[in-house]
Amino acid sequence: MVKAKIAVNGYGTIGKRVADAVRAQDDMEVVGISKTKPNYEAAVAHQLGYDIYAPAANLGAFEKAGMPAAGTIEEMVEKADLVVDCTPGGIGEGNKPLYEKAGVKAIWQGGEDHSLAGFSFNAICNYEQAVGRDLVRVVSCNTTALCRAIYPIDKELGVKKARVVLARRATDPNDVKKGPINAIVPDPIKLPSHHGPDVKSVLPQINITSAALKVPTTLMHVHTVNMEVEKDCTVDDVKNIFGSQPRIRFVGLGMSSTAEIIEFARDMKRPRNDMWENCIWPESITVEDKELYFFQAVHQESIVVPENVDAIRAMMELESDGAKSIEKTNKAIGLNKK
């Protein structure tokens, strides 16, 4: 089997997870990862055997740090069939000319605008439309979770409207520069938040409005979701729909908080405590007069990782069937709901 050659530009919170997930697949391989500085993440990448590429001006610093770079970022891109851009939001846009010059396919993350790639991706919603594309944007953690939950409900029951309030973690666990530490911040204060419009970049037919708050935690986001549907349904109907989804997990057994969900991931020996699935509290699912409500938790560091792998598989035309790609990705990374 000829494997797709994948470069990961940016080896941070998302990039390091994407690199490991790609490495776990049997139809793709990592030809290199990029770091701008020889920090602890670069040291781990070196220890794990990834070829590190860096800006030309910083090659000497990597050599001095005992982790010699394999070349420049431009050279890494030239070796790839596809680049997954995991650089910080707003940076990826500036890399587009580099990818176009090299003639490689590219994936960006949700921190970039939809217009950059012209196509926003979620595996369960629009995999087949991504097959063979050159440019794709994998939507953000929150949008990924909302698409996974709304799409199957819309397919089975018809969604008239969705209203969502997001309690967002303030920052990631390793980020010491952000807050708040002792505040709850409407973000943005002017409604709606960007999450609803972002869902519409994948599911344009959905009437959705969202509001968001930043809260002083680093573990996960929590969504309060309300959907008005076209058809009569029961709580069991909704549970059956969610239960059939390969990337939705019911969390119960005393897990009443995001802290306990992360502890559960630790106990399952998930890499980096990752929860790739939407985590829905089944007891929160409520149905009344064609309206359903539920809480879901979203692990912002990892939920988009399997989506990136599926986007690669679609764009490289390694698999035309989205369900088969999802199954393959899940099995390779160890996403087992049981």
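User: What should I know before I start?

Analyst: The model is predicted, so local features need pLDDT of at least 70 and side-chain atom pairs count only at pLDDT 80 or more, while totals for chains, interfaces and linings use all residues. Residues are numbered from 1 along each chain as its sequence is written, and side-chain values use heavy atoms, leaving out hydrogens and water.

User: How many helices and strands does the protein have?

Analyst: Helices (H or I, at least four residues) and strands (E, at least two) are DSSP runs, numbered from the N terminus. Here there are 13 helices and 16 strands.

User: What is the strand order in the open sheet?

Analyst: Two strands pair if DSSP finds at least two bridges between them. The open sheet of 8 strands reads β4-β3-β2-β1-β5-β6-β8-β7, with parallel pairing. Its edge strands, β4 (71-72) and β7 (120-121), each pair on one side only. Look at β2 (residues 28-34) and β3 (residues 52-54): they run parallel, joined by 2 bridges. I33 has I52 in β3 as its bridge partner.

User: How much of the protein is buried?

Analyst: Buried means under 20% relative accessible area, with exposed over 50% and partly exposed in between (1.4 Å probe, protein chains only). Of the 338 residues, 52% count as buried.
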